[in-house]
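This briefing walks through selected local features of one model, grouped by topic. Please keep the sequence and the 3D view at hand while reading.

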Amino acid sequence: MTDHLILQPQYDLVIIGSGGASMCAALVAKSLGRSPVILEKQAVIGGSTALSGGIMWVPNNPLLAGAGVQDSFQKGLEYLHNAVTYAGPAVTLERTSAFLQAAPKMISFLQSLGLEVRRPLETWPDYYDDLPGGLSEGRGVMARPFDINELGSWKAKLADHPIMNALPMGSDEMMDLMLVRRTLKGKIKALKLAALMARDKLTGRKTVCNGGAIQGRMLQISLRHQIPIFTESPFVDFTVSGERITGVKVRHRGSVVAVEARDAVLVNAGGFSRN
């Protein structure tokens with residue numbers, strides 16, 4: 001666990017929150033020879049990502065090319081231009097282009113570190129695939145199911161969800177499963193689920209899918225690369241010098257502690273509707 005770790009007064013990159021982007025950023029920093037730290041307010045790790053359906057929308061991702069699906073930066077840009085009606089500082093051409101360029105590189109980078117991913121098994125098109133640039137094949141990426149027993153003593157630190165992480169089957173298969181009384185495909189899914197649950201019971205596995213699989217695998221990779229992660233360390237305030245944020249103050253083990261960021265502070269917190 002983190003009991004033996006000591007929070008240092010300085011790191012190159014200080015990251016608030018432990019969602020999927022946090023561990024990815026920490027791993028990139030580590031690969032560049034920098035020292036990252038992740039500070040999480042809750043007692044568990046994973047943020048909203050761990051509680052999600054676990055499908056990442058990544059245009060032009062390497063899995064598409066492997067499946068023979070044609071996609072490109074320009075096609076993704078066309079789709080977002082037609083699908084996103086909001087106008088504001090979060091959707092400038094510069095930001096949109098940065099996302100479209102970085103997202104497929106992110107998947108390749110994480111694959112190089114051992115993240116096992118797949119495309120959704122069932123039809124999962126872009127939500128507005130009839131718009132110009134949309135893909136009926138979908139641009140989704142999911143983590144492969146993960147046995148959280150592989151985390152050892154860190155298993156108890158992974159955020160859990162009573163629905164999303166309760167069954168050893170991905171959210172991409174649930175729509176068919178919900179039609180178990182009406183369709184043959186639903187009945188086949190139910191038999192598959194029963195077989196997976198029996199396997200886990202007999203072998204002692206604890207298989208998680210969806211967001212739990214993303215974060216379980218990301219936590220495993222982060223631990224392998226010795227990324228320091230501190231739970232129960234909520235953000236209190238920024239430290240500022242002039243117009244520059246130079247670090248944060250967090251409540252850690254009963255005291256407010258200042259942590260300096262030599263390069264940057266990344267705030268990855270709040271989930272979809274929690275800020």
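In what order do the six strands of the open sheet run, and with what kind of pairing? The order is β8-β2-β1-β11-β10-β9, and the pairing is mixed. The model is predicted, so to speak of local features a pLDDT of at least 70 is needed, side-chain atom pairs count only at pLDDT 80 or more, and totals for chains, interfaces and linings use all residues. Residues are numbered from 1 along each chain as its sequence is written, and side-chain values use heavy atoms, with hydrogens and water left out.

**Sheet and hairpin**

- Strands are DSSP runs of E with at least two residues, helices are runs of H or I with at least four, and both are numbered from the N terminus; two strands pair if DSSP finds at least two bridges between them.
- β8 (229-230) and β9 stand at the edges of the sheet, and because each has a single partner strand, one side of each is left without a neighbour in the sheet.
- β9 (residues 235-241) pairs with β10 (residues 244-252) in the antiparallel sense, over six bridges.
- Within this pair, Val240 stands opposite Ile245, and Phe238 stands opposite Val248.
- The two strands form a hairpin with two residues between them, and Gly242 in the turn has a positive phi of about 65°.

**Ser222 in helix α8**

- Ser222 belongs to helix α8, which spans residues 210-224, and with a relative accessible area of 0% this serine is buried (under 20%, whereas exposed means over 50% and partly exposed in between, with a 1.4 Å probe and protein chains only).
- The side chain of Ser222 reaches the backbone oxygen of Met218 at 2.8 Å.
- Leaving aside residues up to four places away in sequence, Ser222 touches Met23, Leu27, Ile227 and Ile229, where contact means heavy atoms within 4.5 Å.

**Loop residues**

- Val84 lies in the loop between α4 (73-83) and α5 (93-112), and its relative accessible area of 37% makes Val84 partly exposed.
- Most residues other than glycine have a negative phi.
- Asn60, in the loop between β3 (56-57) and α3 (62-66), has a positive phi of about 60° although it is not a glycine, and at 31% relative accessibility Asn60 counts as partly exposed.
- Arg253, in the loop between β10 and β11 (255-267), likewise is a residue other than glycine with a positive phi, near 50°.

Note on methods
A polar contact is a pair of N or O atoms within 3.5 Å; within protein, one must be able to donate a hydrogen and the other to accept it, and residues adjacent in sequence count only if both atoms are side-chain atoms.
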